[in-house]
Amino acid sequence: MQALTNRSKVVSKKEMTFVEKLYLPAIFGGLMITVSHFFRKKPTIKYPEQKREIAGVFRGQHVLKRDEIGAERCTACGLCAVACPAEAITMTAAERQPGEEGLYREEKYAAKYEINMLRCIFCGDCEEACPKEAIFLTDRIVQADYKRNIFVYGKDLLVEPKDNPIDLSKRQTPEVKEFKHHTEYQHNQTFDKKQKIKAGGH
Amino acid sequence: MVLTPIIFKIILVLCVFGITLLVATYSTYAERKIAAFLQDRIGPDRAGPFGILQPLADAVKMFMKEEMIPTVSNKWLFILGPALALLTACMTGVVIPWGKSLIIGGHEYSLQITDLNIGILYLFGVVSLGVYGIMIGGWASNNKYSLLGGIRASSQMISYEVAMGLSIIALVMTTGTLSLKDIAAAQHGGHWNFFIQPLGCLIFIICAFAETNRAPFDLAECETELIGGYHTEYSSMKLGFFLFAEYINMFISSAVIATFYFGGYNMPFVGRFVHDPNWLAVLGIVFMFAKISFGIFFFMWVRWTIPRFRYDQLMNLGWKVLIPLSILNIVVTGVFMMRHEIMAYFVK
Amino acid sequence: MITTYLFYFLSFLAIMFGLMVVLSKNPIHSVLYLVLTFFAIAGHYVLLNAQFLAAVHIIVYAGAIMVLFLFVIMLLNLNKETEPHKSLWLKASAAVASGSLLIVFVGALKNATNIPATNVANPNVGLIENLGKVLFSDFLLPFEVASILLLGAMVGAVMLGKKSIK
């Protein structure tokens with residue numbers, strides 16, 4: 001059989017020479033190998049202080065985005081739950097009451113939105129399925145914990161904090177950014193423009 | 001004034017004991033650090049800067065852990081085992097000359113706790129008793145793995161003691177004394193016994209590895225075959241005693257190797273620049289500890305390089321290689337020492 | 001004065017541990033008591049200015065031979081259950097034999113009331129140099145004969161250890 005690489009070595013069971021039988025040169029050689037590693041640069045990353053660089057498109061803990069005035073984008077359409085191969089997402093929809101326009105962007109919103117982080121496989125299908133650009137996976141890592149029920153993340157953990165918007169610019173491909181300019185689609189319209197269209201329509 | 005030598009001796013005993021324990025404590029840290037560095041890792045670095053407080057954390061852990069004595073074990077012997085191991089380990093430090101004499105107020109104070117005229121025999125006696133701790137511990141655990149570990153340890157130590165004793169006989173022939181102080185003093189000025197007895201030194205070092213149950217001779221506790229060997233059933237500080245005894249043995253072995261073959265407290269070239277005897281003595285201690293540190297490093301270096309022996313290989317090496325070699329060494333040494341007489345006999 | 005007290009103390013220890021060797025049921029305990037007996041006897045050697053003999057006694061008996069004893073007993077796993085039952089006849093004959101040995105000893109030592117200490121005057125008599133000189137000059141023949149005896153024993157042990165002799 002032809003060798004695939006030239007790295008393979010044929011094992012020979014020849015009688016050892018006297019020098020080999022002494023073993024001392026071999027032992028000395030081994031000691032030299034290990035001591036050469038002693039002075040080598042260590043590849044260790046001291047985790048909490050030092051972090052390994054992760055890719056911009058890393059798929060970690062989810063976020064439910066708010067729009068530019070701080071209203072939740074999610075409209076509880078359920079497409080993410082349908083798309084989820086691990087069936088990790090559940091939600092309950094509710095109707096927006098008058099006066100809540102600053103809280104919820106659409107007329108319908110998710111009163112309850114839960115992702116089971118133990119089931120989630122971080123495939124990103126929910127992000128793909130979302131028509132409202134409401135759910136994204138971020139570069140945050142889901143924290144470890146001791147109990148199972150802690151891993152069912154509700155809206156308190158998922159929705160983006162108002163004062164601390166989560167940067168997703170690395171995740172957004174040029175196609176997405178381009179698509180955002182198409183203001184003829186309702187979900188790309190800003191809040192002000194929506195109000196204008198509404199007012200103009202009536 | 002009569003009491004001063006006694007007080008000095010007491011202080012010396014306490015110092016040697018304290019330093020022995022301290023070195024053993026920090027050997028655990030050194031072992032982990034050196035193992036890590038040889039394997040491209042960093043090792044413990046969380047407790048204090050560079051993990052320097054790690055031994056303290058380990059000690060606290062050891063003390064706090066639950067004390068377990070198996071109900072089927074022989075309770076007294078179970079406790080006696082680790083105690084004996086630590087006792088015999090600590091006893092060997094008595095005859096080692098840590099440095100030259102200090103001269104304080106016109107009196108000379110030796111830095112050796114006691115200079116026995118049979119120092120080497122004392123060392124051997126204590127070392128040969130060291131196996132009892134392991135054997136008793138292994139047997140009293142009433143566990144087949146512990147028993148196997150204890151039995152392995154005892155047969156290994158008996159086998160290698162023979163080669164060790166024979167290699168030392170050649171050294172005693174050249175130095176002509178059994179006192180460690182005289183052996184150390186005779187190596188003054190770079191006349192290290194290593195250059196006179198290289199083969200004996202090699203055999204002695206190999207046997208020292210076997211006697212301390214260190215890799216590649218750690219068959220008594222080899223994890224892959226015997227779980228933990230003789231300390232499988234031990235927990236808490238009793239386990240700590242066994243581990244401590246191993247590190248103290250390593251420290252003492254390094255000290256003995258340094259004294260026998262590498263000049264002890266003697267240092268090259270320093271005598272030309274420093275003339276004050278007290279400073280020389282202090283520098284001698286520093287050099288002694290530098291040699292010991294290298295010895296300990298060598299022990300660890302070998303442990304993380306060379307794989308463990310198989311049991312039959314161990315016995316073959318001990319009985320069929322080292323003992324004939326050491327007998328040959330004795331014969332060659334004797335012939336060399338008597339060369340003039342032999343030449344005179346043949347030439348006439 | 002202190003040596004006298006030490007002598008009595010060590011003798012007491014030696015006899016007590018010797019009795020414990022015989023009386024303890026567990027063979028492992030017997031072996032450990034025997035080791036302690038050896039220590040007491042080594043102490044006697046030191047009192048007689050025979051440091052070399054004391055050290056060698058510890059190394060050879062306590063350090064090597066008793067370890068082998070312990071080794072064998074541990075391997076055989078002897079305990080109370082496996083102890084063979086001895087018949088009354090055997091016990092009686094053992095008692096008679098040991099009793100007559102005792103009578104012989106008492107008879108032999110009855111007249112030796114005061115054994116003079118031979119070497120108290122010279123504290124260096126037990127040192128290794130003097131011992132070596134005596135062994136290789138005055139007692140050369142017994143020394144060599146003893147070594148031949150040991151060699152013979154060793155050869156015999158090797159022959160016994162061989163699986164088959166062709």
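This is a predicted model: local features need pLDDT of at least 70, side-chain atom pairs count only at pLDDT 80 or more; totals for chains, interfaces and linings use all residues.
How are helix 5 of chain B and helix 8 of chain B oriented to each other? They are roughly antiparallel.

## Contacts between chains

Of the two pairs of chains that touch, chains B and C have the most contacts. In this pair, 18 residues of chain B are in contact with 18 residues of chain C. On the chain B side, helix 4 (119-140) and helix 5 (144-175) each supply at least two residues. Helix 4 of chain B gives the largest share of that side, nine residues. By class, the side of chain B that touches chain C has twelve nonpolar and six polar residues, and no charged ones.

Chain B also touches chain A, with ten residues of chain B in contact with eleven residues of chain A. Here the chain B side consists of six nonpolar, two polar and two charged residues. Chain A and chain C do not touch, and 26 Å lie between their nearest C-alpha atoms.

## Helices 4 and 5 of chain B

Helix 4 and helix 5 of chain B pack with their axes 8 Å apart and at an angle of about 170°. Angles over 145 degrees count as roughly antiparallel, and these two helices are therefore roughly antiparallel to each other. Helix 4 of chain B contributes B:Ile120, B:Phe124, B:Ser128, B:Val131, B:Ile134, B:Met135, B:Gly137, B:Gly138 and B:Trp139 to the contact. From helix 5 of chain B, the contacting residues include B:Ser146, B:Leu147, B:Gly149, B:Gly150, B:Ala153 and B:Ser154. Across both helices of chain B, this contact has eleven nonpolar, eight polar and one charged residues.

## Helices 5 and 8 of chain B

Helix 5 of chain B also packs against helix 8 (residues 198-211) of chain B, at an angle of about 155° and with the axes 9 Å apart. The crossing of helix 5 of chain B and helix 8 of chain B is left-handed. On helix 5 of chain B, the contact residues are B:Gln156, B:Met157, B:Tyr160, B:Glu161, B:Ala163, B:Met164, B:Ser167, B:Ile168, B:Ala170 and B:Leu171. Those on helix 8 of chain B are B:Gly200, B:Ile203, B:Phe204, B:Cys207, B:Ala210 and B:Glu211. The contact of helix 5 with helix 8 of chain B divides into eleven nonpolar, three polar and two charged residues.

B:Met157, B:Glu161 and B:Ile168 of helix 5 of chain B are among the residues that contact helix 8 of chain B, and they are also among those that contact helix 4 of chain B.

## Helices 1 and 11 of chain B

Helix 1 (residues 3-38) of chain B and helix 11 (residues 277-303) of chain B have axes that come within 10 Å and cross at roughly 50°. That angle makes helix 1 of chain B oblique to helix 11 of chain B. The crossing of these two helices of chain B is right-handed.

The contact involves B:Ser27, B:Ala30, B:Glu31, B:Ile34 and B:Ala35 of helix 1 of chain B.

## Loop residues with positive phi

B:Asn142 lies in the loop between helix 4 and helix 5 of chain B. B:Asn142 is not a glycine, yet has a positive phi of about 60°. With 16 other C-beta atoms within 10 Å, B:Asn142 is partly exposed.

B:Asn213 is in the loop between helix 8 and helix 9 (223-226) of chain B. Phi of B:Asn213 is also positive, near 55°, in a residue other than glycine. B:Asn213 has 27 other C-beta atoms within 10 Å and is buried.

## Chain C

Chain C has six helices and zero strands. It is divided into domain 1 (1-79) and domain 2 (127-166), and the centres of these domains of chain C, taken over C-alpha atoms, are 24 Å apart. Buried residues make up 16% of the 166 residues in chain C. Among contacts in chain C with a separation of 6 or more, 57% join residues 24 or more positions apart.

C:Val155 is found in helix 6 (residues 140-161) of chain C. With 10 other C-beta atoms within 10 Å, C:Val155 is exposed. C:Val155 and C:Ile73 are separated by 82 residues in sequence and by 24 Å in space, C-alpha to C-alpha.

Conventions. Residues are numbered from 1 along each chain as its sequence is written. Chains are lettered from A and ligands numbered from 1 in the order in which they are written. Domain bounds come from an automatic or database domain assignment. Two residues are in contact if their C-beta atoms, placed from the backbone, lie within 7 Å. Helices (H or I, at least four residues) and strands (E, at least two) are DSSP runs, numbered from the N terminus. Ala, Val, Leu, Ile, Met, Phe, Trp, Tyr, Cys and Pro count as nonpolar, Asp, Glu, Lys and Arg as charged, and the others, Gly among them, as polar. Axes are lines fitted to C-alpha atoms, for helices over the stretch in contact, and angles run from 0 to 180 degrees between N-to-C directions. Angles under 35 degrees count as roughly parallel, over 145 as roughly antiparallel, 65 to 115 as roughly perpendicular and the rest as oblique. A crossing is left-handed if the near helix is turned anticlockwise from the far one by less than a right angle, and right-handed if clockwise. A residue is buried if 20 or more other C-beta atoms lie within 10 Å of its own, exposed if 12 or fewer, and partly exposed in between; C-beta atoms are placed from the backbone.
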